[in-house]
Amino acid sequence: MGRLGLSTTESARLLLLGVLALSVVLAEQEGENLSGLSTNPDKAIFAVRENGTTCLMVEFAVRFLVPYDVLALNGIDLITEQAAFTLPRGAEIEGKCGSTESEIHITWNNNAYTLRIYFSKEFRDKGIEVWKISKVQFLYDTSETSHFINAYNPGKHTANTHRLSALVTPAGLSYVCLAQQTLTLISTDHQKGVTVSMYDTQIQPFDIASDFMFSEPYKCITDQRERLEETLPLILGFILALIIVITLTVYHFHLKLTAIPPQLPRDRSMYKNM
């Protein structure tokens, strides 16, 4: 007669599988497209949520410049064209959140294009914890004719960054930059350089305290420099005007102190005899 019960090893294995399945359910993650909240038609807002709480948010406008080959008029030579397009607001979102690594996948046009951004945390000098973009990957299909017109030998390609450390930001803060940030990715299409440019950006992949709300902003160096360049002429003009006022005031008092008063004769009888 066969054994009706399970062995201890089998029971433990089933229990472990159950725990793993439960953890997957509990750590359910979903992407949300919030681009309708932006008044800028070029700007997209995407979020990744875990267990109903926002764990990653990006808000930016993105431009792509993708080189591809077309056949020349002589039917022999190849020439390189540039496909230029932007990230649409109606893209689909997926992502993963972790304590030290997070990622977001943005897909559009029936999976013809996918932008993947990977984030990581690390400790820098003096034990300062920061997060950064550690990798950007762009998948595209040159057989998609709305941007790639008459592409030679069309097909799917992948472009990647190498040893990337971008948008380095102190942990617990969101990265903010109005200026354009440009990355160059190397494509599997004959090592062509694909340009991905982000601007009007706010990103936070970790430590979001409030649902759908960025934490305190950390402004990029470019914005700080541009702001200084804008205010520096005003500051210098104010200082110059102040120097002129002080110089004129000192000169005025100097004239008063050194001026010789008119001398009147002591004996005024001479005027009477005239």
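Me: In which strand is Leu167 found?
Reply: This is a predicted model, in which local features need pLDDT of at least 70 and side-chain atom pairs count only at pLDDT 80 or more, while totals for chains, interfaces and linings use all residues. Residues are numbered from 1 along each chain as its sequence is written, and side-chain values use heavy atoms, with hydrogens and water left out. Secondary structure follows DSSP runs numbered from the N terminus, helices being H or I of at least four residues and strands E of at least two. On that basis, Leu167 is found in strand β10 (residues 166–170).

Me: Is Leu167 buried or exposed?
Reply: Buried means under 20% relative accessible area, exposed over 50%, and partly exposed in between, with a 1.4 Å probe and protein chains only. The relative accessible area of Leu167 is 9%, so the residue is classed as buried.

Me: What is the phi of Leu167?
Reply: Most residues other than glycine have a negative phi. Leu167 is not a glycine, yet its phi is positive, at about 55°.

Me: Which class of accessibility applies to Lys126?
Reply: Lys126 is found in the loop between β7 and β8. Although not a glycine, Lys126 has a positive phi of about 65°. Its relative accessibility is 84%, so Lys126 counts as exposed.

Me: How many disulfides does the structure hold?
Reply: A disulfide is a covalent bond between the sulfur atoms of two cysteines. The criterion applied here is a pair of cysteine sulfur atoms within 2.5 Å. When the bonded cysteines of the protein chain are numbered in sequence order, the pairing is 1-2, 3-4. The number of disulfides in the structure is 2.

Me: Why is the disulfide of Cys55 and Cys97 assigned its handedness?
Reply: The sulfur atoms of Cys55 and Cys97 are joined at 2.0 Å. This pair links distant parts of the chain, 42 residues apart, with Cys55 in strand β3 (residues 53–71) and Cys97 in the loop between β5 (92–96) and β6 (101–108). Both Cys55 and Cys97 are buried. The disulfide is right-handed because the torsion about the S-S bond of Cys55 and Cys97 is about 75°.

Me: How many residues apart are Cys177 and Cys220?
Reply: Cys177 and Cys220 form a disulfide with their sulfur atoms 2.1 Å apart. The link of Cys177 and Cys220 is right-handed, with 65° about the S-S bond. Cys177 lies in strand β11 (residues 174–177) and Cys220 in the loop between β14 (217–219) and α2 (221–258), and the pair links distant parts of the chain, the separation being 43 residues.

Me: What is the relative accessible area of Cys220?
Reply: Cys177 is buried, with a relative accessible area of 0%. Cys220 is likewise buried, and its relative accessible area is 3%.

Me: What separation is found between the C-alpha atoms of Ser215 and Leu173?
Reply: Ser215 is placed in the loop between β13 (193–204) and β14. With a relative accessible area of 17%, Ser215 is buried. Contact means heavy atoms within 4.5 Å, and beyond residues up to four places away in sequence Ser215 touches, among others, Gly172, Leu173, Ser174 and Gln202. Ser215 and Leu173 are 42 residues apart along the chain, and the separation of their C-alpha atoms is 5.4 Å.

Me: At what relative accessibility does Lys192 count as buried?
Reply: Lys192 lies in the loop between β12 (181–187) and β13. Leaving aside neighbours within four places in sequence, its contacts include Pro67, Tyr68, Asp69 and Thr80. Lys192 counts as buried at a relative accessibility of 11%.

Me: Are the ring planes of Tyr113 and Phe138 stacked or edge-to-face?
Reply: Rings of Phe, Tyr and Trp (its six-membered ring) pair if their centres lie within 6.5 Å; planes under 30 degrees apart count as stacked, over 60 as edge-to-face and the rest as tilted. By this rule the count comes to 14 aromatic pairs. The rings of Tyr113 and Phe138 have their centres 6.3 Å apart and their planes at 10°, so the pair is stacked.

Me: Which aromatic cluster includes Phe138 and Tyr140?
Reply: Both Phe138 and Tyr140 are buried. One aromatic cluster is formed by Phe64, Tyr68, Phe85, Trp108, Tyr113, Phe138, Tyr140 and Phe148.
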